[in-house]
Amino acid sequence: MRSAGRDWAVAVSVTGILAASVSSLAAPQQRPPASAAPTFETAVKPLLQNVCSDCHNSQSASGGFDATVFLAPASLASQREGWDAILRKLRAGEMPPQGVPHPQAQIDALVKYVQGELDKADRNVKPDPGRVTAHRLNRNEYANTIRDLLDVDFRAQKDFPTDDSGEGFDNIGDILTISPVLMEKYMAAAERIASRAIAADPLPKPVAVEYANKDRRIRRVDASTIEATHRVDFDGEYNVRFELPGQRAADAKPVMLDLWMDGKLISSKMVETKPSGLVYFDPYSEEEMRVLLPEGDHVFRAGFINDDFVKGLGPKQVYDKKSNKYLDGIVFEGPFKPKAEPPSRARVLICDPKSGPACVEKIVANLARHAYRRPVTQTEIAELVKFVGLAEAHGQSVEQGIQLALQAMLVSPNFLFRIEHDPNPTDPAAVHNISGVELASRLSYFLWSSMPDDELLSLGESGKLRTPAVLDAQVKRMLDDPRSSALADNFAAQWLETRNLDVVKPDPQKFPDWNPELREAMRSETNLFFNYVLRQNRPMADFLDARYTFLNERLAKLYGIEGVTGPEFRKVDLTTDQRGGVLSQAAVLTVSSYSLRTSVVIRGKYVLQEILGTPPSPPPVTPPPLDEAAEGTSASLRQQMEVHRADPTCASCHSKMDPLGFGLENYDAIGKWRTMDGKFPVDATGTLPNGKTFSSPGEMRAALVSALPQFARCVVEKLMIYALGRGIAPSDGRTIDGIVGRLAAQGYPFQTAIYEIVRSAPFQMRRGELVETKNVKEVAQK
Amino acid sequence: MTITRKTLHRRSFLRGMGAAIGLPLLDAMVPALAIGQARAVKAPLRMAFAYVPNGIIMNEWNPAYEGKLGELPRVLKPMEPHRDDILMLGNLTHNTGRALLDGAGDHGRCSGSYLTGIQVKKTTVDIKAGVSCDQIVAKHLADQTRFPSLEVGMEDARQAGDCDSGYSCAYTNNLSWKSETQPLPPILDPRSLFERLFGNGVILSPEARAREADYRRSILDFVGEDTKRLEASLGPTDRRKLDEYLTSIREVERQIERTETANAQIDPHMEKPYGIPADFAEHFKLMTDMITIAFQADLTRVVTFLITREGTSRPYREIGIADGHHPCTHHQGKPELIEKVTQINTYHTTQLSAWVDKLKSTPEGGARLLDNMMLVYGAGLSDGNRHLHEDLPTLMIGNAAGAIKTGRRVVYRKETPMCNLHLAMMDRMGVHMEHFGDATGELSFAELT
């Protein structure tokens, strides 16, 4: 069988020679002189035949790859994806593997020749920008769009079902479906949002909701602070009452009582703590604040600030009424009508609707243009204005009519979907620029996860946005805008998987440091770090190894870094090589661990997938599982993991994954530095897929920096998926190559990746859908 | 996500539930429900699936005997009080959960195929399963109840990264599929489920309610027209997206109609829950309490309950297990890990048992609510350590108004398709299908009695 494969390869190569000889009729018999231009025969075939095909042949296509398929020049066109993969593996140094001859000069020659041929071929091919499926706004985009459209704070994350994700992101058009449940939610949300924006509906009778320690409804954050999650049912003013049992010493000073909502201070008040002299047996007092609260679920925290008094108390005295006055409950009473109108009213009612139909039409047209993110037609306006008539027919006011029209807009497909139109929707050869307003929306949902603002929308409408200088200027303006922090919240938190901080559950016994504050601190560090690299246009190498990070006291303590005090985050210079870059950040290390222990497999896979862009193939059907649970107890983890190397099926991937995971073993399952794992010392030696070895996390980072081109490509691909809302197709390869090449030439400044994606054909163009073939293929599969 | 989760105001909630249990809601609603057919209404039949992931310790699940149920193995011990109401089904297999030619990803695959009977497409982008059996029934009964079906769950979806070896998270996040590309996400938050079933608590006057209904209808008409205008210039994939949108719109329309005919706001006699309880049992109780009320009040007849997701690594600190569920199930025969999985399995059946208690103590037309139900409790894997897809642990609870003889264990021929059960259940629910998934025929209920 083996020889048959060889024969076939030879047969192919004969045709290759024939083809080659046609073009060089002059001296077919002579060997070409050494200086002759390389050909497929001289630059490609020898390496494939002599080195690669030993493992990659038609009998044992290791890794599902058969090199003999690539022995003819025609394969450059017919096996394009395969060739792209070969070049990637060779460039990354992953192939040929260790233990196999590695003729670097031949490899370089092959890469250069093949790349040249592919480029030549590409120059003659019409570019394929791909096609993005109509894209439903996901939860974050919905919430941000409502904020920017109406100035209403709506928590879609709380009210809508989770959006499914694909390719690691939750903004993929094909995956974002609509279910009846979601439609109900959209209907209900539209009703509430429109009502809140116009604020013309009467408020219900006030009610009081109590959160008290006796009912286990508050969380004691520390001796001076309590926390409760409360759903505010209506926008309005509320009386917030604080329950304060106990009393302090006769000479105790008053303290400052602060109230925060979702991490923001909303009100403060000085509070007396010494005995009042009125009640002796069961001292108790209440304090009250009147505050304006937005509808939705909010986390409220109340605390005494700079409360030195409790520092002198033992743990039992803190909640003893005789020795301390402490926060024990919080009551929300309301809603009451606010003194001022909400800002959304001015945003919507741009003239006085009672002045007549002209103004009503103006209001509706303005709202629709922004909600649909494009110019609206007279017919559309007329249809919407009918709702005002309908409300009036039911005896409601003109304002309530506008509210109803707004409600209708918010469930229209024109609002809920980003739809791009094709002149020829079913002709895949019909490549065309997307319209100006479509481009404006692509840009705003990429950089802001929200709708275009007025400036961007107007440039889209006038068509000026497509001018390269104008487009670049808009990208700059938008990156400088605070809204671009959406890239940290939505791109980075999914790329680095730190969104999973919400679902991971480190064991509180084994990791007593773990609590909601630490979790939020971890999230903040990675978020601030990403924002800094983005805003400061730092080199992308900073992601792999940076001499700075962002810490507050709690996180600095976890890292063992001194001199950082207080809850605020600040930029901190790193003086040792224990930390640096995202792979040493607690958020990343926590989401890539189990609840009780680290996992070299998960972390190794993480590095391959999120950093190097070469996710391992899925495990065999029935993985022989490893005993990671016994880590640090019976045999060292490394000894156990050697099992992975013993079985060749496992070895092909685990020989790449495990050594990367070991490089991070100095960090425990919540990212704390350690030198011992149970009773065994941590051994952090390992190897990168390109063969570079390391013996500590610091050295591993340095080795990763040497693979910067590969990392940059990985990030560009992920950014591209996120920017387009679709998976990467082979036809995007050239665009990505070009972007990575230009990034390299400039030293990989991060913002350039964003500018380049925006300038690219896949971002600015689309084509019709390939219909027939796709269906035929599906039928054939069945 | 919230920083902490508010615990429920438990005492007042329990008080509320006490009242609800005592009140046969369906009976109370009859006058409003059906003018002319009042009292003659026969209690409807309901179908529910409750799913647990990562397989079960089968040694502790399967009794050594067939026929009449006597003493039950450890995992099923909590169900002993209900053994007269259980039919244990042995040897049911989901061949489509197996790799066939698709390689790794048993968790993603078995979850995707559990109710669809389809070998789902291995993809992270363009998902494709099939219409699930619960949705076939839901469509058939759509004009009978306010909600054709309810999808309920307890575990928040993973939000980043992939779920299982090249399978989209959509396969593990959802059990019910309305079309081959449209999964139905489960409701996880008790408040959200409460508001869906019983409204937001604001009681409207009849005039205001009529006005709201008129508004909603006009809005739905309007967006329907909008969609038609859009569709003209779209390619097939985009059009499919808008079709999903239109289907959902129509369903909301039907709900509005149903609400008007029923003309009643249901008072669940329970306090609106706030937040997701951190405690598993408390969350389970809330969700199943509401499912029970929804059945009782005939708000729906079809429920899927994804207790936790396939592949979940949730620890069970409630019973002192700090390791994740999934890593434990790859126990390699180690007794201490098998013990932990057994405890998790048993903890689940303990919650189930409490739910069945409630279904039995809820009266309906002189019988018990459970008597008009088919509640299937099961998993998409039997042995989670080895990812086995045969002899799936399956309980049929309730006797479908006397159609199923319970109190027994029946072991079928090896490799009997799980889809045979689906086919039989759909038949009981009034949907007569020739084929479903890889079914070879109905699991005959006649044979079972």
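Student: What should I keep in mind about the origin of the coordinates, and how many residues does chain A have?

Tutor: This is a predicted model. Chain A has 782 residues, of which 44% count as buried. Its C-alpha atoms fill a box of roughly 115 × 75 × 50 Å along the principal axes. The secondary structure of chain A comes to 32 helices and 19 strands. Among its contacts between residues at least 6 apart in sequence, 69% join residues at least 24 apart.

Student: Which domains does the assignment give for chain A?

Tutor: Four entries are listed: domain 1 (2–124), domain 2 (207–336), domain 3 (488–708) and domain 4 (709–766). In the contact between domain 1 and domain 3 of chain A, each gives 5 residues. On the domain 1 side there are 1 nonpolar, 3 polar and 1 charged residues.

Student: How do I read burial along a helix?

Tutor: An α-helix has 3.6 residues a turn, so residues three or four places apart point the same way. Take helix α17 of chain A, residues 454–462, as the case.

Student: Which residues of α17(A) are buried, and which are exposed?

Tutor: Leu456(A), Leu457(A), Leu459(A) and Gly460(A) are buried. Seen down the axis of α17(A), the buried residues fall within an arc of 160 degrees, so they line one face of the helix. Asp454(A), Glu455(A) and Ser462(A), on the other side, are exposed.

Student: What do the buried residues of α17(A) pack against?

Tutor: Their partners are α16 (436–447) and α18 (468–480) of chain A. Just after α17(A) comes Gly463(A), with a positive phi of about 85 degrees.

Student: How do I read the order of strands in a sheet?

Tutor: One open sheet in chain A has 5 strands in the order β3-β4-β9-β6-β7, with antiparallel pairing. Its edge strands are β3 (219–222) and β7 (264–271), each of which pairs on one side only. Neighbouring strands of this sheet are turned by 25 degrees against each other on average, direction ignored.

Student: How many bridges join β6 to β7 in chain A?

Tutor: There are 7 bridges between β6(A), residues 255–261, and β7(A), and the two strands run antiparallel. In one pair, Trp260(A) has Leu265(A) of β7(A) as its bridge partner.

Student: How should I judge whether a strand is covered on one face or on both?

Tutor: In a regular strand the side chains alternate between the two faces of the sheet. Strand β7 of chain B, residues 302–306, can be read with that in mind. Val302(B), Thr304(B) and Leu306(B) on one side are buried, as are Val303(B) and Phe305(B) on the other. With 5 of its 5 residues buried, β7(B) is therefore largely enclosed by the rest of the structure.

Student: Which strands pair with β7(B)?

Tutor: Strand β1(B), residues 46–52, runs parallel to β7(B) and is joined to it by 5 bridges. Strand β4(B), residues 150–153, also pairs with β7(B) in the parallel sense, over 4 bridges. Thr304(B) is the bridge partner of Phe49(B), and Glu151(B) stands opposite Thr304(B) as well.

Student: How many residues does each chain give to the contact between A and B?

Tutor: Chain A gives 74 residues and chain B gives 75. Elements giving two or more residues on the chain A side include α8 (180–198), β4 (225–232), β9 (296–305) and α20 (516–535). The largest share, 5 residues, comes from α8(A). By class, the chain A side divides into 32 nonpolar, 21 polar and 21 charged residues.

Technical notes
Residues are numbered from 1 along each chain as its sequence is written. Chains are lettered from A and ligands numbered from 1 in the order in which they are written. This is a predicted model: local features need pLDDT of at least 70, side-chain atom pairs count only at pLDDT 80 or more; totals for chains, interfaces and linings use all residues. Two residues are in contact if their C-beta atoms, placed from the backbone, lie within 7 Å. Ala, Val, Leu, Ile, Met, Phe, Trp, Tyr, Cys and Pro count as nonpolar, Asp, Glu, Lys and Arg as charged, and the others, Gly among them, as polar. Domain bounds come from an automatic or database domain assignment. A residue is buried if 20 or more other C-beta atoms lie within 10 Å of its own, exposed if 12 or fewer, and partly exposed in between; C-beta atoms are placed from the backbone. The arc is that of the directions from the helix axis to the C-beta atoms. Two strands pair if DSSP finds at least two bridges between them. Axes are lines fitted to C-alpha atoms, for helices over the stretch in contact, and angles run from 0 to 180 degrees between N-to-C directions.
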